[in-house]
Amino acid sequence: MSEQAEMLAARQQAAHRGEWQRLPLIESPRLRWGIVFGVLVYLVLALASVEVDWERVAEGAGRAVNFLGAFMQPDFVSRYDDIVAGLLESLTMTLTSTVIGVLLAIPVGLGGARNIAPLPIYTACRAIIAVSRTFQEVIIAILFVVMFGFGPFAGMITLAFATIGFMAKLLAEDIEDLDWRQVEAVRATGASWWQTMNHAIQPQVMPRLIGLSMYRLDINFRESSVIGIVGAGGIGATLNTSLSRYEYDTSAAILLVIIAIVLLCEYSSSHVRRWTQ
Amino acid sequence: MPVSTSPLGQPIWRRRTTRAQWLQYLAWLAGGSLFLLCWKLISDNTMWVFVEDAGRQGADLISRMTPPEWGYANVLWKPMWDTLNIATLGTALGIIMAFPVAFLAARNTTPHPLIRSAALVVIVSSRSINSLIWAMLLVTILGPGVLAGIIAIALRSIGFVGKLLYEAIEEIHPTPVEAISATGASRMQVMNYGVLPQVMPAFAGISVYRWDINIRESTVLGLVGAGGIGLQLNASINSLAWDQVSVIFVMIFATVLVSEGISARVRHAII
Amino acid sequence: MLTLSGVAKRYPTGDRALTDIDLTLPNGQVMALIGPSGAGKSTLIRCVNRLVEPTQGSILLEDTELTKLSGHKLRHARRSMGMIFQEYALVDRLSVMENVLSGQLGYVGFWRSFLRRYPQEAVVEAFRLLERVGLTHAIDKRADALSGGQRQRVGISRALLQSPKLLLVDEPTASLDPKTSRQIMRLIRELCAERDLAAIINIHDVALAKQFADRIVGLRAGEIVFDGDPSELTSEILTTIYGEEDWDTTPEPMDDEVSDDPRDTASYGAAPAMAVGGGQ
């Protein structure tokens, strides 16, 4: 305490003489320099372990130019059928997986909210959420492709599984910090458990649930463009093929279509969100 | 009006008007049919024989994955270090690039509407394209390796950090900015004194959040050759060494949980 | 000396905020600008330092035509006009000293301000100002850790560190309690006298305006409807400025007490004399 007062007095005197410096973000100089030193050591170690084959990079530079050129002249025509088929598969996977995922996420989310679920159910639901959120969609897709065979079905299951973790976690958090007075007010009228859910909890979480579903729809579409790489259907397989054949103009066309659809998704979801609020 | 009068002259309350009710039924019907149509398309493209076989395949998979070959973990330390580096360096690089882009994209700090549109295009294209696709592109250009992974993560992070940051910039209090302008400060000084202090906490939070996501993303970049633990995963899957795969899974799970914990802690401390 | 002639402002939406304002403010004069919410008081002072662009007319500070300036020259003109804001407009996450020193931004280059390397005289002056307003104990506190009155003092110090020729003051007391309001008004008044500064003070509180200003200008719907000595401000004139209201139950300017009659207090919704923090 007195140390602080001493420092303040010293700083006041210095300011009186016209010498003033900004207070450092971290007060203890040892900790401050320790962090700076630690970051520097990490950067040196990390950068040292990055191996760059500069010859290969120089060789690839020509391809980079080709690729940028392809963006100026994307080729939608020569692989038209493949692109349309891939897109259709991606879109159907996106829609079905989001619907199924959200529906399944609701019970898991209710179970994962500590204030309405008993402990065993809570633990089980939180475990589901943790597993689903930890693994990248592609890893899950690998497993499901092995189980269900190649094709969009495995992709749909993958995306639905990932949706459960995402939605259930956010839903559970929402329920955990909803306005408990409203719930008590409905309970006080003698409402049953289902009636409480319908009249007190649903109205509070519904707008955000719809907004998040739209957001997840968007994410699922973007993910559906990559899980094709491991054989789970969708536009990703087409993209992967075109890239490995160095058909950059087709790849550019596919990427542009993906960007356009994501934009459209975002635009419409902002409308839906405004409409539900 | 949802209140109408019954033939007996009694007022009846309904939640919606008849018209609104019908429109709602119609919307549900349309949504339902769309879902069924999509389902049909998927089921046409599915070999149901394989799906019926899924239970047996799953059981088979689990039996092959257990017990995990724990000794394999020793090979994994270097790839795991690479994965962490890809995520961390990639995030750092992405943040550095996203920072100016966000200021150009925010309505209240952009120098010109045209520049704003350009910045928004950068953000949208970066967001729409998954980091795995970026990695595929970069591997063909730069060759396989950690560098392609770092840049892929950085390119994907620009959009994410840029979008959240420019939204934060648009939500700042305008009065301190006005006050700083009134002192005769230049544009850059107004940014430095009026805007930056207000968005700094949001910026730090967003960056740490993206780092946590990037750890997860960088675990799979190896599948397309962009370095990290994904390379080992790919190799083990191709050689059907499922007992090694399970070791990798456990490792990824642990790493992601730890990074998520760190990220949540840091964000909690900032806010 | 500040001279406004024929100043008008029309917003892109078509709303006329100001029409044909003529006003001359000699050095050392403290002028209070009163009028109902939306009369254009804020727009008027923001036109002077060009936070709002006037649509027509000319504004002369000494010999400089302010409406024609841009870029570098505008910055130079702005630094000679200190502005004090209603909600203090401090940067919450910066320390008190940094907030005061930001008054020097018009004088130092970007990198010096970025590294917080201010000239020694500026720091000495900043500290002296903080001493003057009684806040030296708070130099390293963050601005959001201060009370309303203290924040407004920091805002005043920032404006004075610009070594201005003119003070533009926008509702300085609107967020403060009656006692602090009077202290702040007195402080502004004293500082203007010490430095022979002219000031335009937007204020809702007619009683405070009468007590602390040399001159009162009444604004209604963007036009000047009264310009004169505080003693000339009668209830008839208040009626022309603010509209019909029983002005005679307005307590005397020196009186800080609120009327006990609940009927009166209820009718004071629009009465500026009572409304410390009114119009919010």
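Helices here are DSSP runs of H or I with at least four residues, strands are DSSP runs of E with at least two, and both are numbered from the N terminus. With that in hand, welcome to this predicted model, in which local features need pLDDT of at least 70, side-chain atom pairs count only at pLDDT 80 or more, and totals for chains, interfaces and linings use all residues. Residues are numbered from 1 along each chain as its sequence is written, while chains are lettered from A and ligands numbered from 1 in the order in which they are written.

**The annotated domains**
- In chain B, UniProt lists "domain: ABC transmembrane type-1" (unreviewed entry) for residues 80-263.
- That span of chain B, residues 80-263, is 83% helix and 0% strand, and its end C-alpha atoms are 18 Å apart.
- In chain A, UniProt gives the feature "domain: ABC transmembrane type-1" (unreviewed entry) at residues 87-269.
- Residues 87-269 of chain A are 83% helix and 0% strand, with 20 Å between the end C-alpha atoms.
- A friendly caution: UniProt annotations may be inferred rather than shown by experiment.

- After helix 1 of chain A comes A:G18, which has a positive phi near 95 degrees.

**Where chains A and B touch**
- Chain B brings 47 residues to this contact and chain A brings 46 (two residues are in contact if their C-beta atoms, placed from the backbone, lie within 7 Å).
- Helix 6 (residues 131-142) of chain B provides the largest share of chain B's side, seven residues.
- Chain B's side consists of 31 nonpolar residues (Ala, Val, Leu, Ile, Met, Phe, Trp, Tyr, Cys and Pro), three charged (Asp, Glu, Lys and Arg) and 13 polar (the others, Gly among them).

**Where chains A and C touch**
- Twelve residues of chain C and eleven residues of chain A make this contact.
- On chain C's side, helix 5 gives the most, with five residues.
- The side of chain C that touches chain A has five nonpolar, three polar and four charged residues.
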